[in-house]
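My notes follow in the order I looked things up.

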Amino acid sequence: MRSLSYVRAKTVREATEAFAAAGEGARYIAGGTTLYDLMKLGVERPAHLIDIASLEGAGRIDTGGDVLFFGAGALMADVAEDEVVRRDYPVLAESLSKAASQQLRNMATVGGNILQRTRCPYFRSGAIGAYPCNKREPGSGCAAIGGLDRGQAVLGISDACTAVSPGDWPVALTAMDATIEIQGPAGPRSVPIAEFYRLPGETPHLEFSIEAGEIVTGISVPKTEAGRNSTYLKVRDRESYAFALASAAVALTMDGDRVRQAHIALGGVATRPWRAHEAEALLNGQTINREMALAAGRAAFADASAGEHNAFKIELGARTLADAIMTAGRKTQ
Amino acid sequence: MTQERTADRPRIDAYEKVLGRALYAADQPITGLLHAMTVPATIAKGRIEAFDLTAAQNVPGVIRVFTHEDFSQIKTTPAARGAYGRPDKGYQPMTGPVVRHRGEPVALVVAETLEAAIEGAEATKVRYAEEAFSARMEDDLASPESEPERQLSSGDAEAAFASANHRIDVEYLHPQQHHNPIELISTTAAFEDGELRIYEGTQAASAFAGGLAGMMGMDPTRLRGVSPYTGGGFGQKNGIQEQSVLVASAAILLRRPVKLVMPRGQLFHTASYRPRSRHRVRLGADGQGRLLAGLYETVQQNSRYDGFSCDHGANPPRMYGYGAWLGSDRIVRVDTQTPGHQRAPHEHPSSYATECAVDELAEALGMDPVEFRLANDTQSDPITGKPFSSRHLADCLRRGAELFDWNRRMREPGALVAENGDLIGFGVACGSYKGSMTAAVTRLRLFASGRCEIATSGHEMGQGIRSVIAAELIEVLGVDPAKLEIRIGDTGYAPQHITAGSWGTGSAAPAARNAAVKLREELSLLTGSALSEEPVHVQLARTRRPVLEVTVDTIPLGKDAQVIEQLRRGIPSTTGPEYPDFMSFSWIAHFAEIHVETSTGRVRVKRVVSVADCGRVMNRRTAESQVRGGVVWGIGAALREAGETDRRFGGVLNNDLAEYVVPVNADIGAIDVDFIDQPDFKLNMSGVKGLGEVAMVGATAAVVNAVYNATGRRVRHLPIRIEDLL
């Protein structure tokens, strides 16, 4: 039987030292909702698990200072239900409460969630043979291109990969200019979320700007009045318990009835959480109406490119964004 | 006999199940149990050239790795996978070096632990010689059969259609679907009391045990089939599974008990499924809205070797008073595992196509679709000319329309708009399912203590058959449900029929009633007088006998004693829908209200009203539950479900419960159920027709027709998804 070592770390230092000592095949584990799933599929084959769920302070939620701070080990359910987050930053709360199921949110951490891997069915295949996938086996090709690509991305794709970045929370964090706090053997560092997720390019197996042995310890979100005028809209194949076909995180700072600064990010349509700068630029300085919202939606997808079955995501994505802009706009009144 | 006829009684096994005390097939505590795991083929078609088993055999805990070389003695018989009783059909994996479909088991690893079996299976290396294949009926190597499976006709339909004032000619596509019962399919082979005992959550324990014995060359009396509970069957657990005989044979070869629980990812490739089908419907009506002609041609995907029939054409001509009818059903063979019966197997896809087409014709005529159906009601079957044993479809439509408030429907699509801007659509559709029965052997024992034991034919799959059996015994004998023991699904107690096709209640209820009535007669002979109102066990006690036992064979209408012998040998035999003097069907009308979000095309089913004519309602609670479940499936079929096959690989891509999208609670609004509840004593002494299957028939069409009413769009494929309405 394949053996597996397991240790529970109490401090970040303990964890990183255990990781270094374990060598090949070491993985950190927190809620386990992604890692166990990928282990069952044979995508992950760890030999050593270092449990970081009970690191000191890992679950800290601090909304009292200049920034909102979420310890990486905070549960999705706890952040989704936090009173300040719900009242002042609905985009964050909604992105969490619309993800997964209550049972999963009770286990999964907000730090682990930003490292969730794609739901591309070719990446996840395995029960009856693994199909070509450059994420899973670099250089093996991409079976999704020319295959059943209804769920694939239309933004940020490459010839090597069209897999969608799956999360909701990372999309909201991207709109809100979050910073990812990381610690590793070389000490702590902060990475703006815009730099945390990589485009697939020729190396789709490299998804995150994080080095082996480093740990995501927290997520900081700058406080902004835009938070109150925010929403996360998620459109999917059923009303709950499904990943997004298209989603939009929108937060608005206003000058009277005009938008001073729009914060917009998209999910379900791109290979990484997708900041929609073109849409933001179009909205800034404008009053919000349906026509303007739809124009912003269309602008966000100006560079989109579809395969055989996913062209609808371009229109759906634009309209989803338009609906989200209208919802956020109503909150400013 | 004081109980209310359609009592709303709790399920007799509700507490057992809720408390987790009900042991399913894979839960049996068996000493020394070994665990097995299959190695699935990673090609869609070809031959096995070589195995490298070294790594697998070296996994600590692995006892043995079986390949086709170990199982060549297994016979492919008419009971084998996919044969459906036909002698020249069917197949059994691992009896030769052949791969017929992706995911087919090519090796079986048996180990001391499940983990070792899984690791051994993953370490098993197979070299294949691949061959070209087609796994979808639209692809190049798909082979259409030259002759239709079935043709039904009445009158000159082509001529009647040609002369009709109003005509429609449409094609509907139904996708592949997978049953996905929550209880995974498992096989456990153990040795007890000198016999081989197979625990499997099958819907047909006798056919299963007899079939396995035949395939293994065993004396059938030395093999006992036990299906303690079935955690959802829906037709996927009708037959012998791909792994059943392999596990049984492995146990015999190793002389130790072996268990295999097939993982869901593999079940999408080893278990049966509802095959993809196309339906061309041509309907013609005169200026007054009278149906003159129906022409219905269907094509269904099958595997290369299976004997699964294509029966789409059986029900639609019976729905309305068609002046003339012509139907044909054809099959196309592809390289997949065998498809099979999935709840309302052909009636669901055919009702989808034809009930949507009826909606299209009503629209073309400018008639309300309820009025159009009522105007074409019939009390006799257009094909045979025989009357129906009972048909209250018009009452289902009228009562449903009233409960639903159908009068609020606007004929103009999109005319009804919700406060939030969503378009509101109302849809209606009807369904039918044949009234069938099968034989049963029942042994009933009444103890003077009040205890009562019944062993009879039938399987509990959540539909509530135990509660139905209990209801008859409570009504006829007044027994205490707490002192009642019901033994079903076990060939050790009674021969077991295949519990499917909505004949479970129509067979088990008369069987239980028959036995209970006979017991009263015997008791009356013992006491020497007519029975009093006192509890029967008290009257028995007075005779100073500790126990009274009766055994009764229940032979369904139109059959003779030979069916009992067939039942004992595990050979399925059922009746209906045609009987000497009539045709028998259950009927249903569904009404659906859906809302469409205009910006995103999202469809939400707000409410459904379903009114069924299933004869006598045995238990209001389980009956309503069955209809709700059927409607949920109908909604899922309309808006959610499809197995997606990549033609390059021949596998189902969305082979798990996360990606194979079935409805969740948030997808389901109100489902209100009502019954006509008129017993049909022409069919049997309990007055029951079937319900489990008819519940789903037509539900999808009601939703699809509502989508048209909201949007003006006729989407002629399933599921209707966001991109179809954007």
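Before I read any sheet, one term: I count two strands as paired if DSSP finds at least two bridges between them. I also keep in mind that this is a predicted model.

**Entry: the sheet in chain B.** I traced an open sheet of 7 strands in chain B, in the order E3-E5-E1-E13-E10-E11-E12, with mixed pairing. Its edges are strand E3 (62-66) and strand E12 (223-226) of chain B, each of which pairs on one side only. From one strand to the next, I get an average twist of 25 degrees.

I then zoomed in on one pair. Strand E10 (residues 186-192) and strand E11 (residues 195-199) of chain B run antiparallel and share 5 bridges. Phe191(B), for one, has Leu196(B) in E11(B) as its bridge partner. Helix H5 (residues 205-216) of chain B packs on this sheet, where it touches E11 and E12 of chain B, and its direction makes about 145 degrees with that of E12(B).

Entry: Most residues other than glycine have a negative phi, and most peptide bonds are trans. I went looking for exceptions.

Asp193(B) sits in the loop between E10 and E11 of chain B. Its phi is positive, about 55 degrees, though it is not a glycine. Is Asp193(B) buried or exposed? I find it exposed, because there are 7 other C-beta atoms within 10 Å and the limit for exposed is 12 or fewer.

Arg255(B) also has a positive phi of about 55 degrees without being a glycine. I located it in the loop between helix H6 (244-254) and strand E13 (258-261) of chain B. Arg255(B) counts as exposed too, with 7 C-beta neighbours inside 10 Å.

Next, the cis peptide bonds. One runs from Gly576(B) to Pro577(B), with omega near 0 degrees; Pro577(B) is in the loop between helix H14 (562-569) and strand E22 (585-596) of chain B. Another joins Leu718(B) and Pro719(B), with omega about -15 degrees. I placed Pro719(B) in the loop between helix H16 (699-711) and H17 of chain B.

**Entry: chain A.** I counted 13 helices and 12 strands here. The C-alpha trace spans about 60 × 50 × 35 Å along its principal axes. The radius of gyration is 20 Å, which agrees with the value near 20 Å for a compact globule of 333 residues. Of those 333 residues, 55% are buried.

Which residues of H5(A) are buried? I checked helix H5 (residues 90-97) of chain A and found 8 of its 8 residues buried, Val91(A), Leu92(A) and Glu94(A) among them. They pack against several elements of chain A, including helix H9 (169-175) and strand E10 (244-255).

**Entry: cores.** The largest nonpolar core holds 191 residues, and Leu321(A), Ala36(B) and Val109(B) have the most contacts inside it. Beyond its neighbours within four places in sequence, Ala36(B) touches residues including Val109(B), Ala117(B), Val247(B) and Leu260(B). Apart from this core I found another, of 127 residues, with Trp325(B) and Phe372(B) among them.

**Entry: where the chains meet.** How many residues does each chain bring to the contact? I get 36 from chain B and 24 from chain A. On the chain B side, helix H3 (114-123), helix H7 (264-270) and helix H17 (722-725) each supply at least two residues. By class, that side has 12 nonpolar, 12 polar and 12 charged residues.

Conventions: Residues numbered from 1 in each chain as written. Chains lettered and ligands numbered in written order. Predicted model: local features only at pLDDT ≥ 70, side-chain atom pairs only at ≥ 80, totals over all residues. Contact = placed C-beta atoms within 7 Å. Helix = DSSP H or I, 4+ residues; strand = E, 2+ residues; numbered from the N terminus. Nonpolar A, V, L, I, M, F, W, Y, C, P; charged D, E, K, R; others polar. Rg over C-alpha atoms; globule rule 2.2 N^0.38 Å. Buried ≥ 20, exposed ≤ 12 C-beta atoms within 10 Å, placed from the backbone. Core = buried A, V, L, I, M, F, W, Y, C linked by C-beta atoms within 7 Å. Axes fitted to C-alpha atoms, helices over the stretch in contact; angles between N-to-C directions.
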